[in-house]
Structure formats: C-alpha cells, structure tokens
2 protein chains.
Amino acid sequence: MAAVNAKSNGTPRSMPKQARRKQLIQATIKCIAKNGLSSTTMADVTQQAGLSIGIVNLHFQSKEKLLIETLRYISDEYTEGLNKIYNDKSLNTEKKILAHINFDFSRAIIDRNKLAVWFAFWGETKSRPTYLSICASYVSEIANNLTRLFVLLKQQGDYSDVNPDLVCTCYTALSDGLWLDLLITPKGMKPAQAQAVAMHYLATQFPEHFKNKTEH
Amino acid sequence: MAAVNAKSNGTPRSMPKQARRKQLIQATIKCIAKNGLSSTTMADVTQQAGLSIGIVNLHFQSKEKLLIETLRYISDEYTEGLNKIYNDKSLNTEKKILAHINFDFSRAIIDRNKLAVWFAFWGETKSRPTYLSICASYVSEIANNLTRLFVLLKQQGDYSDVNPDLVCTCYTALSDGLWLDLLITPKGMKPAQAQAVAMHYLATQFPEHFKNKTEH
DNA sequence: CAACCGAATGAATGGTTATTCATTTTTATG
DNA sequence: CATAAAAATGAATAACCATTCATTCGGTTG
C-alpha cells in the first residue's frame, strides 16, 4: 500500500531532486489558484502532487519556504523569458519590444493559475519582506532593460518628445493592469485583446514603428 | 475587568450597529495589511479593534462574511467616490475626468493598507465566486460611466481616431498597475508621480484637453 | 543476490484557530 | 430606582493544520 504513489505518478524516486521540487511548486500553483493562498494547506499541495504529506518538509523544510520558492519560480520564469529576448542578437530594437509584448501576453504567462499566484503574493508583500524583495528585484531588472530599448528606439525616429523612463513605467503598469483584467474578467477580456491594448499605447509613443501592428 | 474595552475605546455600546461593523471592517483592513490575508485571524482583528473575540460572530456571523463585507466596503468606497463625481452637475466632462484621476490617486484610495487588501482579494477571486462577483460589478459600473465621459469628450475636439472603449480599458488597467507600483515600490513611486503617468496617457488621447495639465 | 542508503511515507503530535454560548455589563424604559 | 432588553465578553470546544520522525520502499553497488 505505502509508497505506491510516486510510482503510479510516473515520477520515480530516482528523479533528480530539482524535478521533485518543481513538481511540488507546480502543485502549489494549482492549489493557490483553486483554493486561494489563504486556504492552501500542505495536505492539498502534496495530494495535488500525488505524494505524501511529509514530502514538503523533506524538500523545502517548511511551508513558508515552499511558498517563497513558488514566488521565485514564477518570477524567474518571467525574467528569464524576457532576458532571452533582450539577449537575442538576431532581433533589432523594434523586434525586441514586439517580442516583449508578445511574451507578456503569451499562454505560459497569462495562464490564470499563475496570475492568481502573482496577485496573491502581491497582496502579501506588505507583510512579508521576503516576497517584497523578490518582487522588487525583478521589477527593477526588467525596468532597466526595457527602458534601454526605449532609449534606442527613440533615436530611430522623430521622437524627441518621448521620455523613455515614463514610457517604461507606463507600459509596465498597463501590462500589470491588463493581467488583472485577464484574471477577474476572463469572459470580458481575451489575451489578444489585452495585447492590442498594450500595442495601442506603444503606438501613441512610437507611431512610426508600432502603428497598425497590432496583429502578431 | 471584563467588558472594559469597549468603554476605554471611546466606543460606547449604544453606538449604532453600523458603526461597530465599520470599526471591525477597518480593523480587518489593518490586519490584512499588517499580517497578510492568509494569516489574519479573528483574534488579531478583534484585538486590533479593542474588542473581544466573540464580537465578530455577533455582527457578521462568520469570518468569511466579515471578509466579504470588507471587500464590499473598499469597493463601495471607491464606486461611491466616483459616482459623486459623475453626478456632480457643476463639473463639465473634462473636469469630471480630471476629478476621476485625482480621486484614483487620492490619499484615501492609495492608502497602502487598502491597496494590500485589494490585491489580496484579487488573488482569491479565482477560488471565491463571491469575491469575483463583487469585483465584476464595480468594474463594469465604472467602465460604463468612464466610457461615457470619453464619448462626450471625443465630441469636443478633433478626436476622430479615439476609441472611447479602448481608452477606458487602457486607462483603467494603467491605473490598477500604478496601484501595484504604489504598493510594492513605495520608495520608488510617489502618488503624484503615478498620477502624472496616468495624465500622460490621457494626454496622448486628448491632447487639446490634457496636455500640460499634469499638476493639480 | 544481499546489504546499504537515500527517498518517500503517513500516523502521531502539538499548536493554532473559528465558533459557540453562558455569563456579565451597559443602556433604555417606565 | 428597578427591570428588561441589548450588547459584549471570553472560557471552552472542536476542527484543522504544519511539522516530526520511525518506518517502509526502491534503486544501486559490489
């Protein structure tokens, strides 16, 4: 009877430690989306993963550390995806910005399970310095990179009035707000539509580059 | 010894029921901001209010109902504030929009305690239909009113390219995203700055009305 | 195949928390 | 002032939950 779970799960004991951690983190994301952060229990998470109750402490020492790693997981996924774009030498500035927007509204990112996780953690940043510092660090990293792209694009057109810092702040806030729409009005706001709204804003700043390019 | 709290609190027993409920809701907001939704307990809330543990069930029947009323409280405060502006006959369309933006970034609204509450509940909407329906209803009410204002403003200038629905969606998302900045980067983003970013967007759509009006 | 060791299990534990309700305190009434 | 009604209290309860760790399991090695 005992210990049949991991096997029936297609996840043998010999799998690398990292893979089991990932499995638990993904179960945590599902549970937070399904039950809310405030009623996500260890029993929920381990059952969702098809594993036993003691497994979390084996791999994460405590529930709190599992939650922190979960935030870090979605935060890393996001920053790493964007960094790949920033470092892609086959893309020019305009293409990088377009790729950035595409990424912001891509399947993997605007998955409602993950959006629920983002908002749940944001709601707790005020009381958990660790959450806040994870958020603060990805925010500033992305802002630096994105601002740089806007600086470059500014040089490539008649954009003397454009303020790259302002555009970065505005685009980022807009994108976060559209995530909220995707989370709480799933019937009213489709991903493509959200992306079009973001493009609409960029077109106001860089019309020579982004006007009539809402399709992609 | 017993029952000295309410008195020492300056809140006599004879106060209207509604006032005690409000006191408890405000204590709940403080606790959610201080400890996070997931570790806000009845003991925390009642202690914060200077009352006894049994008081919540007397006035709200359960913790869950207290939380729902807390969401309704901040949601009502927001919609009622905006409705006052919409119904103010002394304001023309332009002034109403300006008043709307001022309100969105006013002290009472961008209080970080309340912002933490908004995000905490947003993070739980996927799992709690009641939260979702409260959010959905205020969102659509405000969108209707704000879109109407943009329609009117469009008629007052050379704005044939402006899409009022799109502008409403974009402004609303932007405003929500700026709230996030105010919550998680309190050192980096000041209220006046957030408001300036919002004005910057509106100026792109209605330059005749909102250019160089970032001060107020 | 036997012996070993890391991985996983899950019953047991102890601490926490929402809820209840008999009792006490305060206010209103005649 | 006496009495009743309403409001508030907080000790007690029962349910829940994170964590522990002795035990079991499965893969590996010689």
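1. Ground rules first. The model is predicted, so local features need pLDDT of at least 70 and side-chain atom pairs count only at pLDDT 80 or more, while totals for chains, interfaces and linings use all residues. Residues are numbered from 1 along each chain as its sequence is written, chains are lettered from A and ligands numbered from 1 in the order in which they are written, and side-chain values use heavy atoms, with hydrogens and water left out.

2. Cavities. There are 6 of 30 Å³ or more. A cavity here is a set of points, on a 1 Å grid over the protein atoms alone, where a 1.4 Å probe fits but cannot get out; lining residues have an atom within 4 Å of a point. Volumes are the space filled by probe spheres set on the points, which are joined across faces, edges and corners.

3. Which residues sit closest to the centre of the largest cavity? The space is about 170 Å³, and of its 16 lining residues the closest are B:Tyr78, B:Tyr138, B:Val139, B:Thr172 and B:Asp176. H10(B) gives the largest share of the lining, 5 residues (helices are DSSP runs of H or I, at least four residues, numbered from the N terminus).

4. The second largest cavity is about 40 Å³. Both chains line this cavity, with A:Leu37, A:Ser38, B:Leu37 and B:Ser38 among the residues.

5. The largest pocket holds about 1,000 Å³ (a pocket is an open set with protein on both sides within 12 Å along at least five of seven lines). Of 36 lining residues, A:Ala203, A:Thr204, A:Gln205, B:Thr204 and B:Gln205 are the closest to its centre. H11(A) gives the most, with 6 residues.

6. The second largest pocket has about 460 Å³. Of its 26 lining residues, A:Val139, A:Ala143, A:Thr169, A:Thr172 and B:Asp181 are the closest to the centre. Helices H6, H9 and H10 of chain A and H10 of chain B each supply at least two lining residues.
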